[in-house]
Amino acid sequence: MSSPEPSVGVNEANVAEQLVRLTRRMQRAQKRHMAHLDVPFTPAQSRVLRIVGHCRDTPPRMADLAERLEVVPRAVTTLVDALEANGTVRRVPDPTNRRVVRIELTDTGRSALRALRGARRAAAEEILAPLTVAQREVLGGLLATLVDGPGEPH
């Protein structure tokens, strides 16, 4: 017999809704700040660029991207195809295993990633503008606790 799910109180439900609304607001603000880019990026494409950009030593494989994005490999293929078409990434053979294809940023991709990071910082500044320095520090600490916490149960 299973134990009943803990009930979510009104406050927790409200916080959950606020987090969703804040995330959407952040995405809209970032999109506004990215409007000047020649190539529009979807949030998923932006995430792929960020992941590839973090893998400096060894470019990721398609399977690595699928795992990091928590999607099926076919979804990654579609994302990479679009990014390759706009010149921000390229497929390269693995030097040790010719059956493996890796994904790396192009110069255009590195430039786009810098612009995306700038847009994200500008969007965050816009959203955080009403907060005092002390409030930002408290919020940063709370977010760090949530992001770096024990994670989801397995």
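This is a predicted model: local features need pLDDT of at least 70, side-chain atom pairs count only at pLDDT 80 or more; totals for chains, interfaces and linings use all residues.
The mean pLDDT of the chain is 87, with 88% of its residues reaching 70 or more. Confidence is highest in strand β1, residues 89-93, at 96, and lowest in α1, at a mean of 87.

The chain has 6 helices and 2 strands, and, read along the sequence, these elements follow the pattern α-α-α-α-β-β-α-α. Among the contacts with a separation of 6 or more, 50% are accounted for by residues 24 or more positions apart.

In soluble globular proteins, nonpolar side chains tend to be buried together. Here the largest nonpolar core has 21 residues, and Leu49 and Leu65 are those with the most contacts inside it. At least two residues of this core are supplied by each of α2 (43-54), α3 (62-69), α4 (73-85), β2 (101-105) and α5 (107-128). Leaving aside residues up to four places away in sequence, Leu49 touches Phe41, Leu83, Thr88, Val89, Leu105, Leu113 and Leu116.

The elements that give two or more residues to its lining are α1 (10-33), α2, α5 and α6 (133-148), and among the contributors α1 gives the most, with 10 residues. When the lining of the largest pocket is sorted by class, 20 residues are nonpolar, 7 are polar and 6 are charged. A reader examining this pocket may wish to keep in mind that α1, which gives the most to its lining, is also the element in which confidence is lowest, at a mean of 87.

The second largest pocket holds about 230 Å³ of space. Its lining is made up of Val52, Gly53, Cys55, Arg56, Pro59, Ile103, Glu104, Leu105, Arg110, Leu113, Arg114 and Arg117, with α2, β2 and α5 each supplying at least two of the lining residues and α5 giving the most, with 4. By class, the lining of this second pocket has 6 nonpolar, 1 polar and 5 charged residues.

Key: Residues are numbered from 1 along each chain as its sequence is written. Side-chain values use heavy atoms; hydrogens and water are left out. A nonpolar core is a set of buried Ala, Val, Leu, Ile, Met, Phe, Trp, Tyr and Cys residues joined through side-chain atoms within 4.5 Å. Buried means under 20% relative accessible area, exposed over 50%, partly exposed in between (1.4 Å probe, protein chains only). Contact means heavy atoms within 4.5 Å. Ala, Val, Leu, Ile, Met, Phe, Trp, Tyr, Cys and Pro count as nonpolar, Asp, Glu, Lys and Arg as charged, and the others, Gly among them, as polar. On a 1 Å grid over the protein atoms alone, a cavity is a set of points where a 1.4 Å probe fits but cannot get out, and a pocket is an open set with protein on both sides within 12 Å along at least five of seven lines; lining residues have an atom within 4 Å of a point. Grid points are joined across faces, edges and corners, and a volume is the space filled by probe spheres set on the points. pLDDT is the predictor's confidence in each residue, from 0 to 100.
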